[in-house]
Amino acid sequence: MRIVAIGLPLLAVASLYFLFDPSSAGFFPRCPSLALTGYRCPGCGAQRALHQLLHLHPVEAMRYNLLLVLYLPYLAYGAYMEYFGGRRRFPAAYRRFFGRRAVWVNAALIASYTVLRNLVNI
């Protein structure tokens, strides 16, 4: 049942991003941070990156949002740990990758990426 509850919405979103290019389709949301401040947030370009990944263009996806592409395995691992029993089967691994220290490390990485992408245009 979990696979259906998680898989169907993921399939719907993946289909939407596969069929429509967020660069040209007008119904995708724009980044409010970019619109208000002129600075790109850590998520800027993620929609276009997903579109490129679904079309098997990983290099182009990295040009849009490198952080998203690099974090996808971590996010997939987190989904496994949280929704498919990994947390219960591997509690030490869960604490290591998703515990308090991991939260601070991820926050620092995301903040650093945000600053760097606005300074050197990554």
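How much space lies in the second largest pocket? In this predicted model, the second largest pocket holds about 330 Å³ of space. Of the 17 residues that line the second largest pocket, those closest to its centre are Cys31, Cys44, Gly45, Gln47 and Arg48, and by class the lining has 9 nonpolar, 4 polar and 4 charged residues.

The largest pocket, for its part, has about 410 Å³ of space. Its lining is made up of 16 residues, of which Leu10, Leu50, Leu72, Leu75 and Ala76 are the closest to the centre. Helix 1, helix 3 (46-54) and helix 5 (66-83) are the elements that each give two or more residues to this lining. When the lining residues of the largest pocket are divided by class, 15 are nonpolar, 1 is polar and none is charged.

| Pocket | Volume | Largest share of the lining |
|---|---|---|
| Largest pocket | about 410 Å³ | helix 1, 7 residues |
| Second largest pocket | about 330 Å³ | helix 3, 3 residues |

Helix 1 also takes part in a feature of the surface. Leu16, Phe18, Leu19, Phe20, Phe27 and Leu54 form a nonpolar patch there, and together these residues have about 560 Å² of accessible area. The largest share of the nonpolar patch, 3 residues, comes from helix 1 (residues 2-19).

One of the patch residues, leucine 19, is found in helix 1. Is leucine 19 buried or exposed? Leucine 19 counts as exposed because its relative accessibility is 61%, and the cut-off for that class is over 50%.

Conventions. Residues are numbered from 1 along each chain as its sequence is written. This is a predicted model: local features need pLDDT of at least 70, side-chain atom pairs count only at pLDDT 80 or more; totals for chains, interfaces and linings use all residues. Side-chain values use heavy atoms; hydrogens and water are left out. Patches are made of residues with over 30% relative accessible area and no salt bridge: like charges are joined within 9 Å, nonpolar side chains (Val, Leu, Ile, Met, Phe, Trp, Tyr) within 5 Å. Accessible areas come from the Shrake-Rupley method with a 1.4 Å probe; for residues, only the protein chains shown count as cover. A salt bridge is a side-chain nitrogen of Lys or Arg within 4 Å of a carboxyl oxygen of Asp or Glu. Helices (H or I, at least four residues) and strands (E, at least two) are DSSP runs, numbered from the N terminus. Buried means under 20% relative accessible area, exposed over 50%, partly exposed in between (1.4 Å probe, protein chains only). On a 1 Å grid over the protein atoms alone, a cavity is a set of points where a 1.4 Å probe fits but cannot get out, and a pocket is an open set with protein on both sides within 12 Å along at least five of seven lines; lining residues have an atom within 4 Å of a point. Grid points are joined across faces, edges and corners, and a volume is the space filled by probe spheres set on the points. Ala, Val, Leu, Ile, Met, Phe, Trp, Tyr, Cys and Pro count as nonpolar, Asp, Glu, Lys and Arg as charged, and the others, Gly among them, as polar.
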